[in-house]
Amino acid sequence: MNIIIQSTLKTLQKTQVLLDHLSNSQLCDATVSPYYSSIGCHIRHILDFYDCIFNVDHDDQVDLTARSRNKAVESDCSYAQDYLASIVGKLNVVTFDINDTVLVTDDLGLGKTQIPYTYGSLLAQANSHTIHHYAIINYIFDSLGIVINDSEFGYNPTTPKQVSAE
């Protein structure tokens, strides 16, 4: 299996751990300022990004602006776990070549644009995007007093580790 897919699966495994330990009320709690977004909102957004990758059309185009935005994922841990399992299942049996080109539609702030990617670069972006949202979720955890036992959650693998002074 390709290292990009392996890394993506390892990153997404953290979503399963979260969903196994959160209640539905914690998942949809949107009381944390300044954005008032919930953990579920971020998980849904992460999974929607991957879902778009697997909704490639017959012209090898992916539209990252055409996310499903299923609100049930934001408030029901079981539903979110099913969505995650679907994405992980698709990653485990990908049929595209990681080096093949795909035309990606995205909105970078000035309207939709199309950008040529390889599937590998698109999955690498999705993986980094996931870690970025994990960092935001970590802030929400802190504000809600939710503790997880994963010192790497929300940190990019290239982030320098703090060295304790002893």
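Me: In which loop is D60 found?
Reply: The model is predicted, so to speak of local features requires pLDDT of at least 70 and side-chain atom pairs count only at pLDDT 80 or more, while totals for chains, interfaces and linings use all residues. Helices (H or I, at least four residues) and strands (E, at least two) are DSSP runs numbered from the N terminus. By that scheme, D60 is in the loop between helix 3 and strand 1 (61-63).

Me: What phi does D60 have?
Reply: Most residues other than glycine have a negative phi, and most peptide bonds are trans. D60 is not a glycine, yet its phi is positive, at about 55 degrees.

Me: Is D60 buried, partly exposed or exposed?
Reply: Buried means under 20% relative accessible area, exposed means over 50%, and partly exposed lies in between, with a 1.4 Å probe and protein chains only. Residues are numbered from 1 along each chain as its sequence is written, and side-chain values use heavy atoms, without hydrogens or water. The relative accessible area of D60 is 40%, so D60 counts as partly exposed.

Me: Which residues gather with D60 in a patch of negative charge?
Reply: A patch takes residues with over 30% relative accessible area and no salt bridge, joining like charges within 9 Å and nonpolar side chains (Val, Leu, Ile, Met, Phe, Trp, Tyr) within 5 Å. Asp and Glu count as negative, Lys and Arg as positive, and His and the chain ends are not counted; the charge is placed at CG of Asp, CD of Glu, NZ of Lys or CZ of Arg. Accessible areas come from the Shrake-Rupley method with a 1.4 Å probe, and for residues only the protein chains shown count as cover. On the surface, D60 gathers with D57, D59, D97 and D100.

Me: What is the relative accessibility of D97?
Reply: D97 sits in the loop between helix 5 (77-92) and strand 2 (101-107). D97 counts as partly exposed because its relative accessibility is 38%.

Me: How many salt bridges does the rule count?
Reply: A salt bridge is a side-chain nitrogen of Lys or Arg within 4 Å of a carboxyl oxygen of Asp or Glu. Applied here, the rule gives a count of five.

Me: How far apart are the closest N and O atoms of D48 and R44?
Reply: The two residues are four apart in helix 3 (residues 39-53), so about one helical turn separates D48 from R44. D48 is buried at 0% relative accessibility, and R44 is buried at 8%. In their salt bridge, the closest N and O atoms are separated by 3.0 Å.

Me: Which residues are linked with K71 in a network of salt bridges?
Reply: K71 forms a salt bridge with E74, with 3.6 Å between the closest N and O atoms. K71 is exposed because its relative accessible area is 57%, whereas E74 counts as buried at 11%. The network links K71 with R44, D48 and E74.

Me: With which side chains does the side chain of H133 make polar contacts?
Reply: H133 lies in helix 6 (residues 119-144) and is buried, with a relative accessible area of 9%. A polar contact is a pair of N or O atoms within 3.5 Å; within protein, one must be able to donate a hydrogen and the other to accept it, and residues adjacent in sequence count only if both atoms are side-chain atoms. Another, of 2.8 Å, is with H42.

Me: How far apart in space are I140 and L27?
Reply: I140 is in helix 6 and is buried, with a relative accessible area of 4%. I140 and L27 are 113 residues apart in sequence, and their C-alpha to C-alpha distance is 10 Å.

Me: What is omega for the peptide bond from S33 to P34?
Reply: P34 lies in the loop between helix 2 (24-27) and helix 3. The bond from S33 to P34 is cis, with omega near 5 degrees.
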